[in-house]
Amino acid sequence: MTHEPISGFLNILKPPGMSSHDVVGTVRRVLHTKKVGHAGTLDPGAAGVLPIAAGPATRLIEYLEHADKSYRAEMTLGFATESGDDLSPVTERVEHFTMPSKEQVEAVLPRFIGEITQVPSAYSAIKIDGKRACDLVRAGKTVDIPSRQVTIHGLRLLARREETHTLLLDVDCSRGTYIRSLCTDLGEALGIPSVMSFLVRTRVGDFRLGGALTLEELAQQGAEALLPPAQMLSHLPRYDLRPDRAKAFMNGLATNDWQVQNLPHTLAVYAADRFLGIGTWDEASHEIRPVKVYQA
């Protein structure tokens, strides 16, 4: 009896309290395969969409990292911490303050829409000399993280709760955005120290919260839950290769195309509606060059 090879993506709902690596371990056990990886690490305390790849599809994970993301975040005003969330020692506290009105909050939000500069928390998973910043901090070492440019596509106030001193926000953003830093910076703009007190990632590219599976649901469905890679890479521009060049592409050979101009650099390549893999466009030579071919 032959078995279909394990390959594809999973849209997993990571629960709070588990690391992204823990989720990968669970998926390996359910699918009975070691070749499993994830895109876009979520902190253990956060929940939400965690894209997982299995089998040959793991070669495509890096292209999910380029996808935009969406979050629902709660920020609590009145105190600040070392990490920017509510899981580390308090560094500043304001006992008495007036909660900003809805109008006051909405007046500062436009400052954070578009391209902005962030300084991620030293408690983040950013690599410093090959090691995660958060691990270095916990080891008692000083970490200096440079600022970075990120893009906030959308920032909306959903709720304001006077009794808990909290604001609920929806954020649409580019890769590399740190929501903890955004909450801290928003508090500074409002003149009140603040932290991120809860976070749910609601989208990574085509992976959306509404379609995410719990680990219990995955255990029931197994490999049947796997999604075709092409279905989950629509954030990449599509290029349709001539069908007679499909074999050449799969063998690593470039193809000239003088009929098109100014294509994006990175493309999802198809031939006769079959997903072949990832290619790059070279404007000077007018060539589509294979970078990652997909053979399930």
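Residues are numbered from 1 along each chain as its sequence is written, and side-chain values use heavy atoms, with hydrogens and water left out. Because the model is predicted, local features need pLDDT of at least 70 and side-chain atom pairs count only at pLDDT 80 or more, while totals for chains, interfaces and linings use all residues.

**View A. Strand β4 and its partners β11 and β12.** Welcome to β4, residues 69-77 (strands, E, at least two residues, and helices, H or I, at least four, are DSSP runs numbered from the N terminus). Seven of the nine residues in β4 are buried (under 20% relative accessible area, with exposed over 50% and partly exposed in between; 1.4 Å probe, protein chains only). Strand β11 (residues 166-173) runs antiparallel to β4 and is joined to it by eight bridges; here Lys69 faces Cys173. With β12 (residues 194-204), β4 makes nine bridges, also antiparallel, and Met75 sits opposite Met196.

**View B. An open sheet of five strands.** Follow the order β14-β16-β17-β18-β15, where the pairing is mixed (two strands pair if DSSP finds at least two bridges between them). At the edges are β14 (238-240) and β15 (255-256), each pairing on one side only. β14 runs parallel to β16 (residues 266-271) through three bridges, with Arg238 opposite Ala268.

**View C. Thr26 in helix α1.** Helix α1 spans residues 20-31 and includes Thr26. Thr26 counts as buried because its relative accessibility is 16%. Beyond neighbours within four places in sequence, Thr26 is in contact with Met18 and Leu215 (heavy atoms within 4.5 Å).
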